Amino acid sequence: MTPQSPLTPTISDAKGHELRAQALLSKMTLEEKIGQMSQVTGGSWHLPQDIQEGKVGSVINEVNVETVNELQRVAMEESRLGIPLLIGRDVIHGFKTIFPIPLGQAASWNPERIKEGAKIAAVEAASAGVNWTFAPMIDITRDPRWGRIAESLGEDPYLCGELGAAMVAGFQSDDLDNKGSIAACAKHLAGYGAVESGMDYNTVNIPENELRNVYLRPFKKALDAGVATFMSSFSDLNGVPASGNEFLMKQVLRKEWDFKGFVVSDWESIKELSVHGYTANDKESALCALSVGIDMEMASTTYADHLATLLEENKIKLHEVDTMVLNVLTLKFKLGLFENPYTNPNEFPELVNEKHLQAAKLSAQEGCVLLKNDHQTLPLSKQTLNSLAVIGPLADDGYEQMGTWVFDGESRHSHTCLQALHDHVGDEVDIRFVRAMETSRSKSQHEFEQAVEIAQQSDAVVMFVGEESILSGEAHCRAEINLPGNQAELIEAIAATGKPIVLVVLAGRPLTLAPVIDKVDAVLYAWHPGTMAGPAIAELLFGLVSPSGKLPVSFPRAVGQIPIYYSKKNTGRPPSWDNITHIDDIDGAAVQTSLGMSSFHLDAGFTPLFPFGFGLSYSQFEYSDIALSSNRIVLGDTLNITAQLRNTGAVEAQEVVQLYIRDLVGNVTRPIKELKGFEKIRLKPGESQTVSFSLHTDDLAFYNQKMQLVTELGDFHLWIGGSSEAELFTEFEIVETL
Ligand code: BGC
């Protein structure tokens, strides 16, 4: 503690933090206040001096612990008031131990697993002096062209909300002051995942009703989970860029939700307000962002450059600045930084230790989704295989398997699939490997012949295809989302050998697999699984564990179907198999008046290739005996739902039981299905379990035309099952009185 610290650290409750922040604020000059609202990048030669002069509240992207400690020392000992720094870093899916990309983690549908991953990421990052991460990204996205879908938790507000809250809990623990806890940041408020044509930074138009019913829901969940900070989006929402959007930042976040923490801009997103054409210059941008309540500016310096003048000109008020500085200071007190600004890495567990690696393996394993398994091609067996051909550009590439947003992970820690397969089979199975393509984008067919040759010589083939990490992530969007390069041709060439083919796809997004799906026998979708991709996948391929991942996004058959998601509206002309026509079935000679007159594509129908929530197992599960506590409930009451789940297959496996509802009539039309609950359950062969859910009528509320959050009386459908195509069905009604 420095002599200047305003109150003793014994006051540690929320009020205490605020009081200490207020006492400190009362001593600050305007320049020092503006300093607390500024986040600057690490590495510049004048940074120590700027810190000394009180011009810096936070540093982003400095993770050398000695440097971080030195910067904290300057802040604590050489700046006038001794205010420690927030050290921010994008710890998105691990720090050194890399977990699957968030979309891959979401495919586990396992909040506990996700929480554990975030906790480990926090501990590792904290050991380098990081005390603030810019995660979770809880932008709903229904567009796999968008590169940042990799960083998302998928298409559904309920799933995203639950898993985002789990990440917040993992990063922050139950007290930010705990050793190894770091502040989380819910980003990007809001709508960023709906950028037009899935192109990054693009325009977003979302009607307010949809914004509230879909896009904002996970953010409210994160707030309820106690997330310390929010980040404003780069994108423009309905004509107003998020970093200057009063509706989002003031009306919703502060007024309706009563958020007490702080909001950071995205990287230069305040400065970019003028590039959007929303303000004329940096000074107006600073005015605009401050007026809507962006507490801290990331990377650009419009606050540092213009807030003082804006105050002099009476365009902003000192109390507005004070509120923001208080928000920032309060977080620093909550994190315990005034008492413990320095980091001693020796007080933390070793990086990439065995426990962390095991957690990363389980996370990768639970996120792999088995999409196809004809003739029980999987699991492979050492007993029946003498030889195995391993083919593809992603089989043995420790870097690419980590995926996007990896600043600190190192490929030297990665266990690749090829290595793990060798480790698993030892000399019991003869493994032959041909990479066949230098990268997933390669056009050369140079090595195809060798690949075909080893396929011919082997009992089975496992192909590791997909996308390298650089093809997804920020500003890495694609207009076509097929297997890039000549991978489809490679699959075709191998398929011609007639050998059983298992396709393992490592990718940052759903790819359009329609052109290749019929050429292979099994498909395991692994996303970018991280450091432990190899052991996770090898154990799945050889059946040590059954796949249990379920899709957190729908997989389109073709790009033209996008956006395709399960919770669509019914429309006035819903499609069904008997009211659509396929383009190949149009009678060329006849004049046809109707091809179905319903909502579908002539060349792609109306269903995805694989639906939301889908994923196979090596076992089978039977759902039965759905029962409700009552089929009429009164507003304000809770409905209890049970069903039986039975493992009817031959192996122990986990199943994600999913609960969906449909509100049949609404003041605004309701989706044909909405996820309202899920639980991951492990059962031995022959074992069954009663699965229970409870739904309060508030869980069925939605924003109506007047933007009121209401639960309406009336009829509901309810399904329980293993995907969004769940079939076990019942009905209930919400009534005023019984
Ligand atoms: C991204 C943010 C990220 C920030 C800091 C921006 O480009 O949009 O999500 O947290 O950079 O790295």
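**Close-up 1. Helix 20 and the glycine after it.** Gly543, which follows helix 20, has a positive phi near 75°; helices (H or I, at least four residues) and strands (E, at least two) are DSSP runs numbered from the N terminus. This is a predicted model, in which local features need pLDDT of at least 70, side-chain atom pairs count only at pLDDT 80 or more, and totals for chains, interfaces and linings use all residues. Residues are numbered from 1 along each chain as its sequence is written, and side-chain values use heavy atoms, with hydrogens and water left out. In helix 20 (residues 533-541), 9 of its 9 residues are buried, where buried means under 20% relative accessible area with a 1.4 Å probe, protein chains only. Among the elements against which these buried residues pack are helix 15 (354-367) and strand 16 (522-525), contact meaning heavy atoms within 4.5 Å.

Close-up 2. The strands follow the order 11-16-15-14-12-13 with mixed pairing, two strands being paired if DSSP finds at least two bridges between them. Strand 11 (369-373) and strand 13 (430-434) are at the edges, each with a single partner strand, so one side of each lacks a neighbour in the sheet. Strand 11 and strand 16 run antiparallel and are joined by 4 bridges, with Ala522 of strand 16 as the bridge partner of Asn373.

**Close-up 3. The open sheet of 5 strands.** Here the order is 18-26-25-20-21, again with mixed pairing. Strand 18 and strand 26 (residues 728-735) run parallel and are joined by 3 bridges, and Val735 in strand 26 is the bridge partner of Val634.

How values were computed. Buried means under 20% relative accessible area, exposed over 50%, partly exposed in between (1.4 Å probe, protein chains only).
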